[in-house]
Amino acid sequence: MNNIGLNSKKVWEGFSKLTKKEKLERLVETGFLDPQCVVELQHGGTIKEELLETLIENPIGWFGIPLGVAVNFCIDKKHFIIPMVIEEHSVIAGLSKAAKFINLHGDLSTEILGKHAIGQIQFACLRDPVRFEKKINEQKEFFLHQVNQTVLSSLIKRGGGASDIIVRTIERPDKKIMGILHVLIDPSDAMGANRINQACEFLRELIEAHTHEEVTMCILSNLSDQKITAANAVIYDIDPILGKRIEEASLFAQIDPYRAATNNKGVMNGIDAVLIATGNDWRAVEAGVHAYAARNGQYSSITKWEMREGNLYGRLEAPIQLGTVGGVTQIHPIAKICLGILGITRADELARVVAAVGLIQNFAALNALVSDGIVNGHMKLHIKNLVLSVGAQKEEIPLLSQILIGKLEQTHCVNETDALEILKEIRQNT
C-alpha cells in the first residue's frame with residue numbers, strides 16, 4: 001500500500017497543520033492509504049452490526065477513541081507513519097516532535113532476543129519431584145513431537161512450533177512442592193494465545209500418563225521473557241546539561257518504584273496506542289511489561305538513558321508478544337488499515353516498531369520534565385481539552401486558550417473553574 005521510503009519526507013512536512021481532510025488526501029497521495037481506506041476511516045470501520053456481534057457479548061454500541069498518526073519516525077533505517085489510538089492530546093504531538101529530533105540528531109534501532117512464547121502446565125502438589133523431573137526430561141522429545149504433529153502442525157509449516165519443555169518447582173507455603181512445566185512455543189506471526197492453550201491441554205493427558213502426577217491447570221503466560229524486544233536510541237552531541245538531566249531522571253526511575261510506575265506508564269502511552277490501533281491485546285502486553293519490570297524483586301524502569309562521550313544513549317527492553325494474523329487484526333477493518341499504513345506483515349517487525357515508539361515516548365516525557373516541566377509541557381496541550389469541556393464555542397476557543405496559557409505561565413496552574421470564569425467574562429464583553 002505505501003511508498004514510505006520515497007514519500008515519507010513529503011508526508012511529514014507541515015502534516016500537523018493540515019485539516020483532517022487534507023491529512024487523508026496527503027496519505028492517499030503518498031501511497032499510505034487507498035481511497036477505499038479513507039471511506040472506512042470516515043465511518044470508523046464500525047458500520048457493520050455483524051462485526052459488533054462478533055467481537056463481544058451483549059453489545060449495545062461503539063465507544064469511539066481518536067485515531068491519529070505520529071510522524072518523523074525512522075526505525076532501522078526505514079521510515080514509518082505510526083497509527084495510534086489514544087484520547088490524550090499531548091502523546092502524538094510530543095512523540096512526533098521527539099522522533100523528529102532523533103531523526104535529525106541521532107539514530108534509532110531495534111533487536112529481538114529470543115522467539116518463544118510460554119505455555120504453563122501446573123501440578124499443584126508433586127508426589128515425587130525428583131522422579132517427575134526425570135520422567136519429563138526422558139520423554140521430552142516424544143511430547144514435543146506429538147504436540148507439534150497434532151496441535152501445532154500449521155505453526156510448523158510457518159517455521160514455528162514447540163521446541164522445549166522446561167521443568168520448574170516452587171516451594172509452597174505448606175512446604176509441599178508445586179511443579180510447573182514451561183512449554184516454549186514459537187507462534188510465528190500470531191499472538192498465539194489460543195494455540196498455546198490448546199497445546200498445553202493436549203499435553204495434559206500424555207504427561208499425566210507418563211509421570212503419574214496430576215495436572216491442575218493449563219494456561220499461557222503473558223510474561224513472555226523468552227522473547228524480548230529491545231529498542232536503542234543515540235543522540236549525538238546533545239547539549240551536555242540536557243543530557244545529564246535526562247540521565248538523572250532515568251536513574252530516578254531505575255531505583256525508585258514510585259517514579260518507575262509513572263515512567264513506565266508514560267512508555268505505555270505510546271505502546272498501547274499502537275497496539276489498540278493494530279488490534280493487538282494491549283492488556284496482555286501491559287501485564288507482561290509490568291511483570292518484567294519487577295523481575296529482579298523491585299519494580300523498576302524498562303528504559304535506561306545515560307551519557308557516554310558526549311552522546312545520549314537510550315534503551316528499552318520488554319516482552320512484546322504481538323500478532324499480525326488472526327484475531328481482531330484480521331476482522332476489524334481499521335486494524336487492517338493501520339497495519340497497511342505501517343506497511344507491516346510480520347509480528348516481529350511490529351514488535352520492533354512498538355518498542356521504538358515506547359522508547360521515543362519516554363524520551364519525549366523526560367525531555368519535557370527536565371526542561372519545560374510537566375505543567376508547561378503537558379498542560380499547554382491539555383488546555384485544548386479544557387476549553388472544550390467548559391462548552392466554549394468555535395469563535396471563543398482561540399481567545400479563551402490564549403488567556404488560559406497566559407495564566408498558566410504566570411501561576412503554573414489552571415483548572416476548569418478558571419476556564420469557566422474567563423469564558424463568562426469573554427461572553428459578557430462581547
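This is a predicted model: local features need pLDDT of at least 70, side-chain atom pairs count only at pLDDT 80 or more; totals for chains, interfaces and linings use all residues.
**Stop 1: F101 and F363.** The structure contains four aromatic pairs. Select F101 and F363 to start. Their ring centres are 6.0 Å apart and their planes meet at 15 degrees, so this pair is stacked. The cut-off for stacked is under 30 degrees. Now show the helices. F101 belongs to helix α5 (residues 89–105), while F363 belongs to helix α14 (residues 347–370). The pair therefore ties together parts that are 262 residues apart in sequence.

F363 has 2%, so F363 counts as buried.

**Stop 2: F123 and F132.** Clear the selection and pick F123 and F132. How are these rings arranged, stacked or edge-to-face? The centres lie 4.7 Å apart and the planes are at 65 degrees, so the pair is edge-to-face. The cut-off here is over 60 degrees. Check the surface again: F123 and F132 are both buried.

**Stop 3: R295 and Y292.** Next, look at a charge and a ring. Select R295 and Y292. The charged end of R295 sits over the Y292 ring, 3.8 Å from the ring's centre.

**Stop 4: R308 and Y313.** Finish with R308 and Y313. What lies over the face of Y313? R308 does, at 4.0 Å from the ring centre.

Notes
Residues are numbered from 1 along each chain as its sequence is written. Side-chain values use heavy atoms; hydrogens and water are left out. Rings of Phe, Tyr and Trp (its six-membered ring) pair if their centres lie within 6.5 Å; planes under 30 degrees apart count as stacked, over 60 as edge-to-face and the rest as tilted. Helices (H or I, at least four residues) and strands (E, at least two) are DSSP runs, numbered from the N terminus. Buried means under 20% relative accessible area, exposed over 50%, partly exposed in between (1.4 Å probe, protein chains only). A charge sits over a ring if NZ of Lys or CZ of Arg is within 6 Å of the ring centre and within 35 degrees of the ring normal.
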